[in-house]
Amino acid sequence: MEREANRLAVPLLDQSSSSGTGSATSIQTLGNIIVSVVGTGVLGLPFAFKIAGWLAGSIGVAVAGIATYYCMLIL
């Protein structure tokens, strides 16, 4: 009965077949993160530059780059 309650509480996760850990390697995980970030940038930057203009868009990209670099250093 308790197993039935767990299944109803979390309908999208099958508790019986999940081992709790993924099967992706570190390289695959890094590749997935890079593809996600680069894909978002490739799709979003042209629209951002269209709305902001060349000067504000360039300044925004530079500020985001500097902030990312700073955050990378403090990690």
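Gly60 lies in helix H3, which covers residues 54-74; helices here are DSSP runs of H or I with at least four residues, strands are runs of E with at least two, and both are numbered from the N terminus. With a relative accessibility of 36%, Gly60 counts as partly exposed, given that buried means under 20% relative accessible area, exposed over 50% and partly exposed in between, with a 1.4 Å probe and protein chains only. The C-alpha atoms of Gly60 and Ala48 are separated by 9.5 Å, the two residues being 12 apart along the chain.

This is a predicted model, in which local features need pLDDT of at least 70 and side-chain atom pairs count only at pLDDT 80 or more, while totals for chains, interfaces and linings use all residues. Residues are numbered from 1 along each chain as its sequence is written, and side-chain values use heavy atoms, with hydrogens and water left out.

The protein has three helices and zero strands, and buried residues make up 1% of its 75 residues. The average pLDDT, the predictor's confidence in each residue from 0 to 100, is 80, and 73% of the residues score at least 70. Confidence is lowest in helix H1 (residues 2-9), at a mean of 56, and highest in H3, at 92. Where pLDDT is low, the predicted coordinates should not be read in detail.

The UniProt record, an unreviewed entry, places a "transmembrane region" at residues 51-72; such annotations may be inferred rather than shown by experiment. In the model, this span is 95% helix and 0% strand, and its end C-alpha atoms lie 28 Å apart.

One aromatic pair is counted: Phe49 and Trp54 are tilted, at 5.4 Å centre to centre and 55° between the planes. Rings of Phe, Tyr and Trp (its six-membered ring) pair if their centres lie within 6.5 Å, and planes under 30 degrees apart count as stacked, over 60 as edge-to-face and the rest as tilted. The accessibility of both partners is tabulated here.

| Residue | Relative accessible area | Class |
|---|---|---|
| Phe49 | 21% | partly exposed |
| Trp54 | 71% | exposed |

The accessible surface of the protein, from the Shrake-Rupley method with a 1.4 Å probe, comes to about 6,800 Å², of which 70% belongs to carbon and sulfur atoms.
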